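Please view the sequence alongside the coordinates.

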Amino acid sequence: MTQAQAQLGASAEDWRKDFPILDQSVSGHALVYLDSAASAQQPQSVIDAVARYHQEDHANVHRGVHTLSHRATEAYEGARDKIRGFINASSRTEIVLTSGTTESINLVAQSFCRPRVGPGDKVLITHLEHHANIVPWQLVCEQTGAELVVAPIDDDGQLELEALRALLTDDVFILAMGHVSNALGTVNPVKEIIAEARQRDIPVLIDGAQGVPHMPIDVQDLDCDFYAFSGHKMFGPTGTGVLYARESLLDAMPPYQGGGDMILEVSFDGTIYNELPYKFEAGTPNISGVIGVGAAVDYLQSIGMERVAASEQVLHDYMVESLSEIDGMRLIGTAGNKTSVQSFLLDDIHSHDLGTILDHQGVAIRTGHHCAMPVMTRFGISGTARASVALYNNLDDVDRLVEALRKAQQIFA
Amino acid sequence: MNQQSDDLRELYRELILDHARSPRHFGRLEHATHQAAGINPLCGDKLRLYLQVDADNRIEDTSFEGTGCAISVASASLLTDTIIGQPVDKAEAYFESITKRLTHGEPAELDQNLEKLRALDGVREFPSRVKCATLAWHALHSALNQQEEPATTE
């Protein structure tokens, strides 16, 4: 047994069995799924919770007096409570349910930022961001005349902390940054940065889409103002997301969208908005999806995020080491603190070609710019191949990746 | 397993790899009369196709530049080889038959001049890669029709 195998233990193999989709062949080979950073697979318990809801409890929430509506509401609101506990928010009123990280960030950009900023104000982001944490801010800047400022990264794909500090000036209205880079896997020292922003009274939004699935998150300990994440990256259904926000900030923000459920009283003279968090949840929500996220939280808590993080770190380190041993390998993203993701280029083979050749050996990876074109530009490349591990991967998956890459080298030799 | 391997070999034929490694007519054309960009939004690949059309509506010269996967670069390179010296209306007809052949699998009658392009047929087994193979051809269509917007495969 190798050292990595010993460190990983038997737990990852047990967890893998919880994910039925992984037990299949693709192109005649056992599937190796290394694209969890794009979307993670769902454990049987999530699939069952969603199916059970559709089979037994479906009705609209917050509306009916009948039994099914009551059950649906209980399950939906129960999931909100689970999510609150999972990230340790102090109140369920601070958990706004959205369609995903993208909507969560747009909500903050439009409801928190847009009414309050103008020419002379700055919105600070970093060079590492996913497009979802760039474009909503560009829109606000176009709408208000505020200026978008970008904190630089170094050749390893790490934030240049001194430069970031220097950019935290009084005219910065908000700092929006990722917890973990989806393209490079860099884990940013967000707690430290939030503390420095707080000293200058600068609100901070953390894009936690790639953080939540891989490590324990405590929003009170982080002391951030907003934390946005998606259900489908944490083993829940697509079309679900969360915006954690401080209650005092949510109270002062106007609604993001108007419609049913977000009101207390409507007349043609005006409308009284509903209490938090419903003020920000217009229309019938993704009820089954949110129930699925609740089940995903149960699943992750039954394992414990500390164990998930420790197991994935072993896998990630093994992947980095194994990839490094291939001649012609260029790792993109070599930060000291990384999780889950490794981007790379092999010889001069285009990532798209690598993706096809790997798929033909049953190995699923992501290729291209990963919705982070500025990161690619920073490294002078158009895209990378990206492998990302989650709790259900094992060392054999990494070995299969390496083997498939060697085959690609043979084809292009 | 072998079938799968054969599909890959079919996709990455020697001719495709050769054109990908050493693309013909690569670079900018100084006196282009027509040009268009092709963008594949899926992967962010971009190429620009240049045409120099003479008074008799013949493609006197052509070139392309940009970055892309082996399939898109090889296809662009084969395109330039195919259309150089051809009348504009023939090039437009080539666009029609190649995109139909690769996108819809229609066994369009291939002009003798298009025989080489059979090398691209392998992409038909790879739906996600058809767009790579047709990108340059869409750019050709845009350039001939003097469209301002970059061609995309969407």
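Which strands of chain B does helix 3 lie across? Helix 3 (residues 70-83) of chain B lies across strand 1 (34-40), strand 2 and strand 3 of chain B, and runs at about 170° to strand 3 of chain B. Helices (H or I, at least four residues) and strands (E, at least two) are DSSP runs numbered from the N terminus. Axes are lines fitted to C-alpha atoms, for helices over the stretch in contact, with angles from 0 to 180 degrees between N-to-C directions. Contact requires C-beta atoms, placed from the backbone, to lie within 7 Å.

This is a predicted model, in which local features need pLDDT of at least 70 and side-chain atom pairs count only at pLDDT 80 or more, while totals for chains, interfaces and linings use all residues. Residues are numbered from 1 along each chain as its sequence is written, and chains are lettered from A and ligands numbered from 1 in the order in which they are written.

In chain B, 4 strands form an open sheet of order 3-2-1-4 with mixed pairing (a pair needs at least two DSSP bridges). Strand 3 (59-67) and strand 4 (151-152) of chain B each have a single partner strand, so one side of each lacks a neighbour in the sheet. Strand 2 (residues 45-53) and strand 3 of chain B pair antiparallel over 8 bridges; B:R48 has B:E65 in strand 3 of chain B as its bridge partner.

Chain A has two assigned domains, with bounds from an automatic or database assignment.

| Domain of chain A | Residue range |
|---|---|
| domain 1 | 3-30 + 305-411 |
| domain 2 | 47-302 |

Their C-alpha centres lie 28 Å apart. The contact takes 23 residues from domain 1 of chain A and 21 residues from domain 2 of chain A. On the domain 1 side, helix 12 (305-324) of chain A supplies the largest share, 5 residues.

Terms used. Two residues are in contact if their C-beta atoms, placed from the backbone, lie within 7 Å.
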